[in-house]
Amino acid sequence: ELHRGQGSTTRPAVEVLAGELVLTSSVETAAGWVLGVLALSLAVLAGLTAFAAWSRTVMDDGGALDPLRPVLAGAAALLGVAAVLALALPAADVPDRVVTDPLTGLEVVVEQEGPQALLERPGLALLGGLLLAGALVLSAVVAPSLRPRLAAVGGLLAVAVFLLDSALTGLRDAWSSPDLEWTVPGAGLLVLALGAVGLTLLAWRGRRGSPAQG
């Protein structure tokens with residue numbers, strides 16, 4: 001977000017704004033960006049508050065989810081790694097253009113620059129993409145082991161919401177813009193998001209797997 005808020009004319013970029021493919025040569029901060037940074041700051045503050053209160057939280061929930069935790073951890077780890085691989089390419093991209101040589105009649109595929117993927121961003125945005133990828137995998141791996149059970153449900157739900165947001169954003173852009181097409185990584189991201197929702201529901205319903213112990 002800091003990268004997006006910086007005015008820059010050094011490298012024009014092709015971006016997708018509200019489903020439309022545009023060439024951005026300069027960026028100016030406005031109220032929406034300020035509100036977005038404020039929301040991210042509040043999310044960080046909430047995380048720090050939860051971290052500070054974690055040691056005083058009662059962690060004994062009867063152990064109803066314990067038999068499912070190894071399965072959830074393995075599935076979530078695979079899901080996190082696959083999600084990072086899917087995010088490495090844009091969920092909606094500009095299709096390659098086929099140009100025919102008028103003299104020889106040969107068809108040549110010309111690649112067109114499209115939206116930047118998670119790991120294709122420059123400067124601070126690249127650092128943010130790397131941190132986001134690492135946090136996604138770490139969250140997916142750690143979430144099933146959190147106690148009490150509702151903490152595991154909340155962690156998996158956070159992963160599911162992030163993946164759903166990324167997948168549906170790509171689908172929306174491809175649906176609303178004639179210049180973009182939905183990519184295989186975008187479709188895979190939607191499948192992974194639904195898988196994360198399934199793991200969340202499994203963790204939530206897993207509390208009924210065994211009776212609580214006093």
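Colleague: Which side-chain atom lies 3.3 Å from the backbone oxygen of leucine 156?

Modeller: A polar atom of the threonine 200 side chain. Keep in mind that this is a predicted model.

Colleague: What else does the side chain of threonine 200 reach?

Modeller: The backbone oxygen of alanine 196, at 2.9 Å.

Colleague: Where does threonine 200 lie, and is it buried or exposed?

Modeller: Threonine 200 is in helix H6. It counts as buried because its relative accessibility is 8%, and the cut-off for buried is under 20%.

Colleague: Which residues does threonine 200 touch, apart from those up to four places away in sequence?

Modeller: Val153, Leu156, Leu157 and Ala160.

Colleague: Back to leucine 156. What is it in contact with, leaving aside neighbours within four places in sequence?

Modeller: Ala76, Ala143, Pro144, Ala196, Leu199, Thr200 and Ala203.

Colleague: How many residues has the largest nonpolar core?

Modeller: It has 26 residues. Leu156 is among those with the most contacts inside it, as are Leu79, Leu136, Leu163, Leu189, Leu199 and Ala203.

Colleague: Which elements give two or more residues to this core?

Modeller: Helices H3 (69–87), H4 (123–142), H5 (149–176) and H6 (184–205).

Colleague: New topic, the surface. Which residues make the nonpolar patch of about 410 Å²?

Modeller: Leu2, Leu124, Leu127 and Leu131. H4 gives the largest share of the patch, 3 residues.

Definitions and conventions: Residues numbered from 1 in each chain as written. Predicted model: local features only at pLDDT ≥ 70, side-chain atom pairs only at ≥ 80, totals over all residues. Heavy atoms only, no water. Core = buried A, V, L, I, M, F, W, Y, C linked by side-chain atoms within 4.5 Å. Buried < 20%, exposed > 50% of the residue type's maximum accessible area, 1.4 Å probe, protein only. Helix = DSSP H or I, 4+ residues; strand = E, 2+ residues; numbered from the N terminus. Contact = heavy atoms within 4.5 Å. Polar contact = N/O pair within 3.5 Å; in protein donor to acceptor, adjacent residues only side chain to side chain. Patch = residues over 30% accessible without salt bridge, like charges linked within 9 Å, V, L, I, M, F, W, Y side chains within 5 Å. Areas by Shrake-Rupley, 256 points an atom, 1.4 Å probe, with all protein chains shown as cover. Salt bridge = Lys/Arg side-chain N within 4 Å of Asp/Glu carboxyl O.
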